[in-house]
Amino acid sequence: MYWDSLPDMQELTGLDSKWVTTLMSQHLLAAADRYGLERLRLLCESNLCEDVAINTVATTLALAEQHHCFQLKAVCLKFVAVPENLRAVMQTDGFVYLKESCPSVMTELLEYVARVIEHSVYVCKHGIEPVFDGSDANGRRVKQRL
């Protein structure tokens, strides 16, 4: 909080694990949001955006929804929308937690996956390279319809 950076989790815990780093960042983000520490919240959000993984993405997505972390939520949705990732994420305990704690996110996830599938079908039919970051084929930002 005072150094404007996150602590080295490997140094603190003695463990070299992304899971430990993600877990600590999740807890710090919740605390930072609760106590109005905006810079710490942004640091944690950025850290979580970089370390998205199958076993933690569902709980991170729930956290993003609960603490209004829009960038983190978008990164998680994009990650989960990949069919191989979605199958694996659905097998985690975090996915059960996400369904129970944030049902509205499940609706958003389904809509996002549907858009990805629709876009993939369009791309396949027209031979265009897929773009999933909110841009059109020319790189211009576009507002997506629901």
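A search of the whole structure, which is a predicted model, finds zero disulfides, a disulfide being a pair of cysteine sulfur atoms within 2.5 Å. Cys 49 takes part in none, the nearest cysteine sulfur being that of Cys 76 at 6.9 Å. Cys 49 is buried at a relative accessible area of 15%, and Cys 102 is likewise buried at 5%, where buried denotes under 20% relative accessible area with a 1.4 Å probe and protein chains only.

The largest nonpolar core comprises 30 residues, and those with the most contacts inside it are Leu 72, Phe 95, Leu 98 and Leu 109; such a core is a set of buried Ala, Val, Leu, Ile, Met, Phe, Trp, Tyr and Cys residues joined through side-chain atoms within 4.5 Å. Two or more residues each are contributed by helices H2 (18-34), H3 (38-50), H4 (57-66), H5 (70-80), H6 (83-89), H7 (93-101) and H8 (103-126), helices being DSSP runs (H or I, at least four residues) numbered from the N terminus. Beyond residues up to four places away in sequence, Phe 95 touches Ala 58, Val 89, Met 90, Met 106 and Leu 109, contact meaning heavy atoms within 4.5 Å.

Helices H4 and H5 pack at an angle of about 145°, with axes 9 Å apart, the axes being lines fitted to C-alpha atoms over the stretch in contact and the angles running from 0 to 180 degrees between N-to-C directions. The contact involves Val 57, Thr 60, Leu 61, Ala 64 and Glu 65 of H4, together with Leu 72, Lys 73, Cys 76, Leu 77, Phe 79 and Val 80 of H5.

Residues are numbered from 1 along each chain as its sequence is written. Local features need pLDDT of at least 70 and side-chain atom pairs count only at pLDDT 80 or more, whereas totals for chains, interfaces and linings use all residues, and side-chain values use heavy atoms, with hydrogens and water left out.

Terms used: Buried means under 20% relative accessible area, exposed over 50%, partly exposed in between (1.4 Å probe, protein chains only).
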